[in-house]
Amino acid sequence: MTKPLVYAALAAVLLGTGPVTAGPVEPGNVEFAEDFTVSASLTDEAGDPAEGRKAFADRSLGNCLACHAVTEMSDQQFHGDVGPSLDGVAERYDPAFLRAIVVNAKHVFGEQTIMPGFYTLEVGVDVAEKHQGKTILSAQQVEDVVAYLTTLTD
Amino acid sequence: MGKNKLGLAAAAGLTASLALGSAYSEPVEDKLVIDGREMTTWTEAPADHPFDELISGWHYRTDETRALEADSFENPGMLYVERGEEIWNAVDGAAGKSCASCHQDASETMAGVGASYPKWNEAAGKPYNLELQINECRVEQMQAEPYKFDAPEQVALATFIKHQSLGEPVEIDLAEGDMQKWWERGKDRYYLRTGQLNMACATCHEDYNGRYIRADHLSQGNVNGFPTYRLNTGGMVSLHNRFRGCIRDTRAEFPAAFSDDLMALEVYVTWRGQGLSVETPAVRQ
């Protein structure tokens, strides 16, 4: 959470008006900095690494395991090797960079990357009806996955 | 892997294999011999091709799956070849004819035919694959109903006819009619990114063949074994069914079977695998 958000949340609690209701950042409004980072959280709620771990493995959500191996996840079968192993990724990159990768890997690695953009509407042609106008992950799921990635320290 | 990407991809592969022990795997070096005849499953690509070498999907499968294809008594796809032969000889339609009435012994009249499809059809003004040709003969020559896409009889007959070219190199004629235009259109389609996952055929089969995507060992996506027997589903899979499945997996709507889009794709993808032997019925996972 950025500082202003924390203050806003605090104020809300003090005034008894409940949580901040600004809502998540829309996919088109995510701000990428010059250095390919997204530093602001997409939601008001801190990411939950346990939920992120689930979304990472779930074939209908992140399905990150399809392309990335993670030793910590050896309870799951079939880790792909299309992308690099994510062991120790939290040592290599800070959360703002990890968030940028998950939101739209094309902005970070270039148009040609096979890694899908998980929180973007810049997608391929002929999107199946049930996926039209939708992102693969919700803003909160992105935060959860990023929170999980930050636990991968070795 | 695409020629330009070799260096980069090899470096990434190294990281992955270090992390995982032995997960990164090249296609297995092995020889495919069926009924004493050696198949061309790994061969040099022509100069104007995106690959250096053409490799059959057979090399990317497990020892057990490869062995199953090599043994024509064990190959479950051979049952469909037998079924196709029965249909070949069965009278159907108002003209009271079977395929055999006109084409006699398929082992002679259809030898090598399947290896040359899709083929330009002047009257139709478009390329025909075997399924379209079969339907044309049923309607025009037999006065029978055309088969619906993926009718069991259609798949069995296509398997039977293709099998008469077992071991023959795939070779199509792009000089006929407008084949070159269809090739171009198919090529555009091959590199077109589709769906919410935003991937093209080339994204998986050109850039990342040799890698595992979850449990699947990605191949070059060649068509020389179609229709193929799939162990996962326990049945034959036609080529357009496979195309549609791969497109669907990108979370995209897929074109109709035998539509111009998929016929163009068939022309182009078949060209990409020219020189590999027809393996029908190939066995895949």
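These notebook entries record what I looked up in a predicted model.

**Entry 1. Helices 6 and 7 of chain B**

I began with helix 6 (residues 130-141) of chain B and helix 7 (residues 152-163) of chain B, whose axes come within 10 Å and cross at roughly 110 degrees. Angles of 65 to 115 degrees count as roughly perpendicular, and helix 6 and helix 7 of chain B are therefore described in that way. I noted the crossing of these two helices of chain B as right-handed. From helix 6 of chain B, the contact draws on B:Leu130, B:Glu131, B:Ile134 and B:Asn135; from helix 7 of chain B, on B:Gln154, B:Leu157, B:Ala158, B:Ile161 and B:Lys162.

**Entry 2. Helices 10 and 11 of chain B**

I next took up helix 10 (residues 239-248) of chain B, which packs against helix 11 (residues 260-272) of chain B at an angle of about 100 degrees, with the axes 11 Å apart. That angle makes helix 10 of chain B roughly perpendicular to helix 11 of chain B. On the helix 10 side of chain B I listed B:Leu239, B:His240, B:Phe243, B:Arg244 and B:Ile247, which meet B:Leu262, B:Met263, B:Leu265, B:Glu266 and B:Val269 of helix 11 of chain B. By class, this contact has seven nonpolar, one polar and two charged residues.

**Entry 3. Helices 4 and 6 of chain A**

A:Pro95, A:Leu98, A:Arg99, A:Val102 and A:Val103 come from helix 4 of chain A, and they meet A:Val142, A:Glu143, A:Val145, A:Val146 and A:Leu149 from helix 6 of chain A. The class count for this contact is eight nonpolar, no polar and two charged residues.

**Entry 4. A sheet in chain B**

I followed three strands of chain B that form an open sheet with mixed pairing, in the order 10-9-11. Strand 10 (235-237) and strand 11 (283-284) of chain B stand at the edges with a single partner strand each, so one side of each has no neighbour in the sheet. Strand 9 (residues 228-230) of chain B runs parallel to strand 11 of chain B, and two bridges join them. I looked up B:Tyr229 and found B:Val283, in strand 11 of chain B, as its bridge partner.

**Entry 5. Salt bridges**

Over all chains, I found 15 salt bridges in the structure. In one of them, the side chains of B:Arg66 and B:Asp30 meet at 3.1 Å, N to O. B:Arg66 belongs to helix 2 (residues 63-70) of chain B and B:Asp30 to the loop between helix 1 (6-20) and strand 1 (33-34) of chain B, so the pair ties together parts that are 36 residues apart in sequence.

**Entry 6. Backbone exceptions**

Most residues other than glycine have a negative phi, and most peptide bonds are trans. I noted a cis peptide bond from B:Tyr117 to B:Pro118, with B:Pro118 in the loop between helix 5 (106-109) and strand 5 (119-121) of chain B. The bond from B:Thr280 to B:Pro281 is cis, with omega near 0 degrees; B:Pro281 is placed in the loop between helix 11 and strand 11 of chain B. A:Phe36 is not a glycine, yet I read a positive phi of about 60 degrees for it. A:Phe36 lies in the loop between helix 1 (3-15) and helix 2 (49-57) of chain A.

Methods: Residues are numbered from 1 along each chain as its sequence is written. Chains are lettered from A and ligands numbered from 1 in the order in which they are written. This is a predicted model: local features need pLDDT of at least 70, side-chain atom pairs count only at pLDDT 80 or more; totals for chains, interfaces and linings use all residues. Side-chain values use heavy atoms; hydrogens and water are left out. Axes are lines fitted to C-alpha atoms, for helices over the stretch in contact, and angles run from 0 to 180 degrees between N-to-C directions. Helices (H or I, at least four residues) and strands (E, at least two) are DSSP runs, numbered from the N terminus. Angles under 35 degrees count as roughly parallel, over 145 as roughly antiparallel, 65 to 115 as roughly perpendicular and the rest as oblique. A crossing is left-handed if the near helix is turned anticlockwise from the far one by less than a right angle, and right-handed if clockwise. Contact means heavy atoms within 4.5 Å. Two strands pair if DSSP finds at least two bridges between them. A salt bridge is a side-chain nitrogen of Lys or Arg within 4 Å of a carboxyl oxygen of Asp or Glu. Ala, Val, Leu, Ile, Met, Phe, Trp, Tyr, Cys and Pro count as nonpolar, Asp, Glu, Lys and Arg as charged, and the others, Gly among them, as polar.
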